[in-house]
Amino acid sequence: MLPNAEPIHQSLELCVERLGDPAPLIYQRFFSKYPNAVELFGDDPDDSIKGHMMEKIFMLLMELADGSIKPRFSAFWVADHEVWKVERAMIFDMFDIIVGTLREGVGDAWTADMERAWQDLIASMIPAINAGMGSASGDDSPEPVAPPQPRFQRWS
Ligand code: HEM
């Protein structure tokens, strides 16, 4: 288990205890920033596609924290998403929104260790996200973005 794992697990448990399932709030925030992303999910009247995706996102984050998968695995799902017209900025913003929602859900129990663990975890995927985004569409893919500054203060 990596040193990040405990604060990551703790923050998720506390958030669910205090806020319940964070997925609806996360999607609400994501779609208010990217209204055009709604149609990318196609016909999803009961939100099951979105619900399943959020479960997989949290599974990915926990497996990364545990060290049971490597950050470079993300290049694969990112390349799939590029084909589906998901933009690089949407991916970074989704993680930003997830961490912000957890921070808010955990509230006054949020610790500096949790903040550091989440920032390190997301930062560890940046090279793979940039690589995955470049790989699907050939020459006309956008320039890789520079590693962002810590972006996880937005919802505080
Ligand atoms: C905006 C339009 C998007 C669409 C249409 C979309 C669609 C999908 C679909 C259909 C899946 C497969 C889910 C399943 O196995 O049931 C998936 C998985 C996933 N999506 Fe998205 N997605 C979108 C945005 C995003 C964003 C912004 C992120 C950023 C975090 C993301 C991260 C993931 C991850 C990590 C998985 C799981 C990959 C795996 O473990 O195989 N998606 N997505």
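Which residues have the most contacts inside the largest nonpolar core? The close-ups below start there, in a model that is predicted.

**View 1. The largest nonpolar core, with its 26 residues.** Look for Ile8, Ile26, Ile98, Val99, Trp118, Leu121 and Ile122, the residues with the most contacts inside this core. At least two core residues come from each of α1 (5-19), α2, α3, α5 and α6 (112-135). The biggest contributor is α6, which gives eight residues.

**View 2. Helix α2 (residues 23-33) and its buried residues.** Here you can pick out Ile26, Tyr27 and Phe30, the buried residues of α2. Because they cover an arc of only 95° around the axis, they sit on the same side of the helix. A handy reminder for this view: an α-helix has 3.6 residues a turn, so residues three or four places apart point the same way. The buried residues of α2 pack against α3 and α5.

**View 3. The other face of α2, turned away from its buried side.** On this face you will find Gln28 and Ser32, both exposed.

**View 4. The shell of 17 residues around the ligand.** Coming nearest to the ligand are Ala37, Leu40, Lys56, Trp77 and Met94. Two or more shell residues are given by each of α3 (48-66), α4 (74-83) and α5 (88-106). Of the elements, α3 gives the most, with six residues.

Note on methods. Residues are numbered from 1 along each chain as its sequence is written. This is a predicted model: local features need pLDDT of at least 70, side-chain atom pairs count only at pLDDT 80 or more; totals for chains, interfaces and linings use all residues. A residue is near a molecule or strand if its C-beta atom, placed from the backbone, lies within 6 Å of it. Helices (H or I, at least four residues) and strands (E, at least two) are DSSP runs, numbered from the N terminus. A residue is buried if 20 or more other C-beta atoms lie within 10 Å of its own, exposed if 12 or fewer, and partly exposed in between; C-beta atoms are placed from the backbone. The arc is that of the directions from the helix axis to the C-beta atoms. Two residues are in contact if their C-beta atoms, placed from the backbone, lie within 7 Å. A nonpolar core is a set of buried Ala, Val, Leu, Ile, Met, Phe, Trp, Tyr and Cys residues joined through C-beta atoms within 7 Å.
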